Each structure stands twice: as C-alpha cells, then as structure tokens.
Amino acid sequence: MSIINKIGNILLLQKLKRGKRKREMFDLDGAKTIGVLFTADSIDSYNTIVSFANSLSQKDKKVLCIGYVENKKQFEMFAEQSGFRFFSDKHCNWYGKPKSQSVDYFIDKDFDILMDVSLRDKNTINYIVGLSKAKYKVG
C-alpha cells in the first residue's frame, strides 16, 4: 500500500467516525430507492448494469447509478450514455477524495440499499461507500 493510499485511508476513517447514518435492513422487495456504484471497465460491464437497473426500475424501484472509469477515453465514451453519472480520477483530489457534484449527490442520497458492484479496493470507491447515507450497504 502506497503512502498516498495510507493517508487517504486515515482521512476516510476520521470522516467515518464523525458521520452518522440511520441503519436498517432491507431486501429488494422492501426497498424503494437503490443506489448502484459500479466500475465501467467495458461496454459489456456497462450493459450488464443497465440491464440490472432496468429490471429494478420495472419493479417500481427508484434507481440511481454512478460509475467509475479509469481514463479519459472511457469517460468520454460512457459520458454520452444517458441516465447514468460517471467520474474518474480526474474528478478526485490527490488522495482519492471525489470532487464531483454527482458523487456528492450520490453520497448524500438516503438510499434504502446501496449496492457496490465495483469489485475494486480503491480509496475513491471506499470513500463513496463509507460516507454514503444509505440505510443498508451491500458489496
């Protein structure tokens, strides 16, 4: 682990100690609002998330998705897709804290369930999941 990651983890832990959220258990049937955090590595992974989000929406769930992309080319490719928000390292400070209005909105949203399907151990992802106001976190 690099020194930058260690600093980011320390700062995140300090914020987590100060933050409070209402915790509650939900299953998919009982949840009304669902946040999905994912990594957009390819168009296939994006399409999988789109299908998943559409299936939840068809069950009268309000779904908000935000995706992490690693480079400018991916960001430009996915930014044209409607209905989803994306961010990259360009939208983060030197230790991984996101500096994006879309990410801030996602963190502050009081989801019934937050699903982290990013499969990444990255300060930026950990920051979003850790500080999210979601009542129930999965992933």
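I take buried to mean under 20% relative accessible area, exposed to mean over 50%, and partly exposed to mean in between, with a 1.4 Å probe and protein chains only.

**Basis of the entries**

I worked from a predicted model, in which local features need pLDDT of at least 70 and side-chain atom pairs count only at pLDDT 80 or more, while totals for chains, interfaces and linings use all residues. Residues are numbered from 1 along each chain as its sequence is written, and side-chain values use heavy atoms, with hydrogens and water left out. I took helices (H or I, at least four residues) and strands (E, at least two) as DSSP runs, numbered from the N terminus.

**Entry: helix α4**

I looked up which residues of α4, residues 101–108, are buried, and found Val 103, Phe 106 and Ile 107. They lie on the same side of α4, because they cover an arc of only 100° around the axis; the arc is that of the directions from the helix axis to the C-beta atoms. An α-helix has 3.6 residues a turn, so residues three or four places apart point the same way. On the face turned away from the buried side of α4, I noted the exposed residues Gln 101 and Asp 108.

I then asked what the buried residues of α4 pack against. The partners are β1 (33–39), β2 (62–68), β3 (85–87), β4 (113–116) and α5 (123–131), where contact means heavy atoms within 4.5 Å. At the N-terminal end of α4, I recorded Ser 100 as the cap, with a side-chain oxygen 3.2 Å from the backbone nitrogen of Ser 102.

**Entry: Thr 124**

I located Thr 124 in helix α5. Thr 124 counts as buried because its relative accessible area is 2%. Leaving out residues up to four places away in sequence, I listed Phe 87, Cys 92, Gly 96 and Pro 98 as residues that Thr 124 touches.

**Entry: salt bridges**

I used the term salt bridge for a side-chain nitrogen of Lys or Arg within 4 Å of a carboxyl oxygen of Asp or Glu. The structure holds 5 of these salt bridges. One of them joins Lys 122 to Asp 89, with the closest N and O atoms 3.5 Å apart. This pair links distant parts of the chain, 33 residues apart: Lys 122 is in the loop between β4 and α5, and Asp 89 in the loop between β3 and α4.

Lys 135 forms a salt bridge with Asp 110, the closest N and O atoms being 3.5 Å apart. Since Lys 135 lies in the loop between α5 and β5 (136–138) and Asp 110 in the loop between α4 and β4, the pair ties together parts 25 residues apart in sequence. Lys 135 also meets Asp 112 in a salt bridge, at 3.2 Å from N to O. I noted that salt bridges with shared partners join Asp 110, Asp 112 and Lys 135 into one network.

Key: A polar contact is a pair of N or O atoms within 3.5 Å; within protein, one must be able to donate a hydrogen and the other to accept it, and residues adjacent in sequence count only if both atoms are side-chain atoms.
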